[in-house]
Each structure stands twice: as structure tokens, then as C-alpha cells.
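Please open the structure in your viewer and keep the selection tool at hand. The tour below goes from the whole chain to single side chains, one stop at a time.

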Amino acid sequence: MHSQFSHPPSGTAVSEECPSGALPSGAVLSAPGAEAPPAGALPSAPDDAGKDFPGLLSGTPPQRLQDLPAAAARLCLDVRRFMERELGLDLAGKRLLAGFSGGADSTALLLVLRYLAPGMGFSLAAAHLDHALRPESAYEAAACRDFCRRLGLEWTQERIDVAGAARAANSGLEEAGRAARYAFFRRVMRQTGGDLLVLGHQNNDLAEDILMRLMRGAGWPGLSGMAGFDPRRRLARPLLLTPRARLEDFVRSLGIHCAEDASNRDQAFLRNRVRHTVLPLFLAENPAFLEHAADLWRMGRLDAGLFDSLLALARAGASGLCSGKAPEPDAFEAPASSAAPETTSPPEAPSPLPRETLASLHKALRLRLYKEKLDALGPGQICLKGLLDLDAAWENNPEPTEHRFAGGKLALVRRRAIAWDMKKRNR
């Protein structure tokens with residue numbers, strides 16, 4: 001008879017600071033259709049569950065960096081160099097939380113960081129969200145838990161009805177799943193005092209992201225792809241310039257058999273169509289496309305830094321400040337609102353942009369200042385045409401005008417400045 005797990009109700013969180021051998025009563029994971037173990041039991045899922053759902057995590061990796069095969073050790077050291085030199089991260093004394101799905105990417109991330117932690121001086125924990133979308137997801141959650149216990153890592157997991165959340169929000173499954181994951185990670189970060197969330201996005205994901213941003217009409221430097229380190233969200237992607245194939249070779253070399261989510265091949269989702277149809281065409285035309293995507297990402301980061309410096313000067317002029325550059329924030333300092341409950345109150349309208357400040361700026365910087373002000377009002381995609389129309393009105397129209405953007409955002413062109421507001425405030 002194979003092991004049975006009784007999964008917790010949707011929204012139930014389970015956490016364990018260290019391998020203890022038992023779960024809280026009533027918080028045991030489960031798979032449908034089998035008899036449950038005694039309350040509080042912590043069954044070992046992978047060996048038995050794999051008979052019905054092949055592909056679950058299995059294998060016990062080496063415990064130390066020095067025990068790894070040479071290629072695996074080189075990958076770990078390459079990731080360390082990327083974090084320190086390109087992302088500028090000093091992780092000594094920090095608490096890292098790794099998102100862990102049980103797939104090859106997140107398994108490689110967890111292992112790499114586990115091997116690097118002693119030498120870099122950080123502590124590591126893992127978090128897993130069961131989306132409850134597939135019958136085998138409870139087994140996968142149990143396999144992730146069991147794997148973390150074998151590595152001696154703290155872990156937290158939760159089960160959420162993502163399909164129900166999508167229906168309630170009238171959104172797609174992908175969007176609802178993403179929102180649920182990041183909300184879960186934020187909760188765990190607050191509850192555990194985490195300093196940095198680390199995710200397993202890798203070089204192929206970056207190339208896919210660049211292609212999708214191109215489809216959506218992204219500008220520069222946003223077209224260069226997702227951030228490697230986002231201090232505002234306290235989020236990092238240590239594997240971002242590592243190709244997926246190298247990560248898969250890494251976990252195989254350690255004798256680990258990872259789970260594969262069948263939904264990753266569902267062509268109903270744009271990312272999967274890009275992954276399995278569009279990206280292979282680019283790689284067929286140029287096998288070095290992943291390297292070029294990494295180079296584009298590096299160029300984008302450099303240009304973003306330049307634009308930030310120039311915008312700091314422009315903001316200083318708009319605020320009447322003498323200093324040209326704002327002080328650098330502590331990379332791990334939590335935003336002022338991070339410890340407070342989430343709120344739906346509207347954001348404050350950003351300060352106006354005086355005409356004399358705008359007149360001194362290149363058009364490219366004016367457009368970026370407009371977008372920065374509109375983004376501060378809340379969600380809603382800002383299109384280039386709207387920004388160009390706003391700038392043309394500021395340059396050529398002496399009469400007051402009102403420009404509307406997605407999300408109810410307003411730009412109000414006046415004689416002395418451009419002001420910003422939300423539609424609901426004016427109606």
C-alpha cells in the first residue's frame with residue numbers, strides 16, 4: 001500500500017523550522033483517494049507516491065560544496081560571482097527565502113544556495129505554494145517538504161485554490177497563480193523576518209521574457225528583461241544568466257530526479273507558446289541567442305543606471321533641491337509599508353513637474369519622468385503614444401488639457417506645470 005497524505009484546507013499554512021518528524025495535527029498533506037496516516041505523521045512521499053505520479057523529487061545530494069563533481073562546483077561558483085559582481089549583493093548575515101516548486105530550476109537554485117551559504121554567510125529557507133490545480137500537486141508539495149528536510153532547511157508551505165481565486169477575480173489562471181505566489185512569499189517574508197526572496201528564473205526564462213516584452217511593445221531599457229535584483233521588492237534571481245540546460249545537467253549530476261509540471265506544456269498560456277514554439281525558432285536561426293539575451297540584459301542594466309542618474313538630477317531640479325543625486329538606499333532595507341497590512345487606499349498624487357524643469361530636459365528624459373509620475377499613481381500600462389501626446393500638448397498647446405491613461409490616471413497640463421491625479425478624485 002502506498003503512502004497517503006491528507007492535504008490541509010485551502011489557505012492552510014504549514015511550516016517547520018527544522019526537521020522534526022511531525023506536522024501539526026490537522027495540517028498533514030494528502031493525495032486524493034487513499035487512507036490517511038495518523039494525525040501529525042510526516043510520511044516520506046517521493047518513493048511511494050512516485051509509483052502513481054512519476055517525476056516527483058527523489059535522490060539525496062551531497063551535503064557540501066567540496067563533495068560536488070567539478071562541473072557542479074563550477075556552476076555554484078559562477079552563480080556566486082554573478083550575485084556578487086553583477087547584482088552587487090553582499091549576503092553576509094542575511095536571511096534568504098527561496099521559492100521552491102520542485103522543478104529543475106528551483107531545485108538547482110535551492111541546492112546552489114545551500115552549498116554557497118556557509119562560505120557567503122547567509123541562512124536559507126524554502127517556501128512552496130500548492131496551487132491545487134492538479135491531482136498530483138499534493139504529492140509534489142510533500143516531496144518538496146521531504147527534500148527540504150533531507151537538506152536540513154527550514155520550510156513553509158501553503159495550499160491555495162488558485163482556480164477559485166481566478167474565478168472570483170475574473171482573471172486567468174496564470175495571472176491568479178502569479179498573484180497568489182507573490183502574496184504568499186510576502187507573507188512568509190514578513191512572518192520569518194526574511195531579507196531577500198530568491199527565485200529560480202534562468203537564462204531561457206529571460207529570453208522568453210524579452211520576446212514577450214517585445215510583443216507587448218515595451219520600451220528601453222525595459223525591453224532587456226526582468227530584473228536580476230529588485231531592492232524595492234527585495235527580490236533576486238541568482239540563476240538569471242544560467243541556461244536551463246546547464247541547470248538540468250547540474251541536478252542530474254547530483255542524482256536528483258525533479259518534478260515536471262504538465263501545465264508547463266499547455267499551449268493555452270502565452271509563455272508556453274513562446275517557450276515551445278517561438279524561442280526554438282530563434283535558437284534554430286542563432287544557437288547563441290541565449291548569450292545575446294544575456295548581453296542585452298547587461299546593456300539594459302547599464303542604461304537603466306544612466307537614466308536613473310539623469311532622472312535623479314531632473315527630480316532634484318523639480319523639487320528645488322541642490323543635490324543632484326539621491327542617496328542610495330540600503331539594498332535590504334524594507335520599504336516603509338512592508339511591515340504594515342496591505343491596504344487598498346489610493347496613492348497620493350505625485351508632485352507636479354514645473355515647466356522650467358521640463359524645458360531643460362531632453363525629450364527622452366521628459367517621457368521617462370512622465371511615466372515615473374504615472375506609475376506612482378498605481379497599476380495600469382502606460383503606452384508610448386499617450387506619453388508622446390502628453391509631451392506634444394506640453395510643447396505646443398497653450399490651453400489647459402487633460403490626458404487620460406489606463407487605470408484612471410490623469411495628466412493635467414497647465415500653464416506652469418504638469419500635474420497628476422486619479423479620475424475618481426475629480427468625479
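Helices (H or I, at least four residues) and strands (E, at least two) are DSSP runs, numbered from the N terminus. Colour the chain by these elements, and the secondary structure of the protein comes to 14 helices and 11 strands. The model is a predicted one, in which local features need pLDDT of at least 70 and side-chain atom pairs count only at pLDDT 80 or more, while totals for chains, interfaces and linings use all residues. Residues are numbered from 1 along each chain as its sequence is written, and side-chain values use heavy atoms, with hydrogens and water left out.

**The whole protein**

Show the surface next: its accessible area, computed by the Shrake-Rupley method with a 1.4 Å probe, where for residues only the protein chains shown count as cover, comes to about 21,000 Å², and 54% of this belongs to carbon and sulfur atoms. Of the 427 residues, 45% count as buried, a word that stands for under 20% relative accessible area, whereas exposed stands for over 50% and partly exposed for what lies in between (1.4 Å probe, protein chains only). Contacts are heavy atoms within 4.5 Å, and among those with a separation of 6 or more, 73% join residues 24 or more positions apart.

**Salt bridges**

Side chains of opposite charge can pair when their charged atoms come close. A salt bridge is here a side-chain nitrogen of Lys or Arg within 4 Å of a carboxyl oxygen of Asp or Glu, and a search of the whole structure finds 26 of them.

Select R80 and E84 in helix α2 (residues 70-86), where the two lie 4 residues apart, about one turn of the helix. They form a salt bridge whose closest N and O atoms are 3.1 Å apart. R80 is partly exposed, with a relative accessible area of 27%, and E84 is partly exposed as well, at 35%.

Move on to helix α4 (residues 137-151), where R149 and D146 are 3 residues apart and thus separated by about one helical turn. Their side chains meet in a salt bridge of 3.6 Å, N to O, and D146 counts as buried because its relative accessibility is 7%.

Now select E208 and R275, which form a salt bridge with the closest N and O atoms 3.0 Å apart. This pair links distant parts of the chain, with E208 in helix α7 (residues 203-216) and R275 in helix α9 (residues 270-285), 67 residues apart. Is E208 buried or exposed? E208 counts as buried, at 0% relative accessibility, and R275 counts as buried too, at 17%.

**A histidine in a strand**

Go to H128, which is found in strand β3 (residues 123-130) and counts as buried at 8% relative accessibility. Which residue has its backbone oxygen 2.8 Å from a polar atom of the side chain of H128? That residue is F100. Leaving aside residues up to four places away in sequence, H128 touches F100, S101, A141, C144, T156, Q157, E158 and F184.

**A patch on the surface**

Finish with L306, L310 and L313, which form a nonpolar patch on the surface, with about 250 Å² of accessible area together. Patches are made of residues with over 30% relative accessible area and no salt bridge, with like charges joined within 9 Å and nonpolar side chains (Val, Leu, Ile, Met, Phe, Trp, Tyr) within 5 Å. L313 lies in helix α10 (residues 289-319) and counts as partly exposed, at 47% relative accessibility.

Methods: A polar contact is a pair of N or O atoms within 3.5 Å; within protein, one must be able to donate a hydrogen and the other to accept it, and residues adjacent in sequence count only if both atoms are side-chain atoms.
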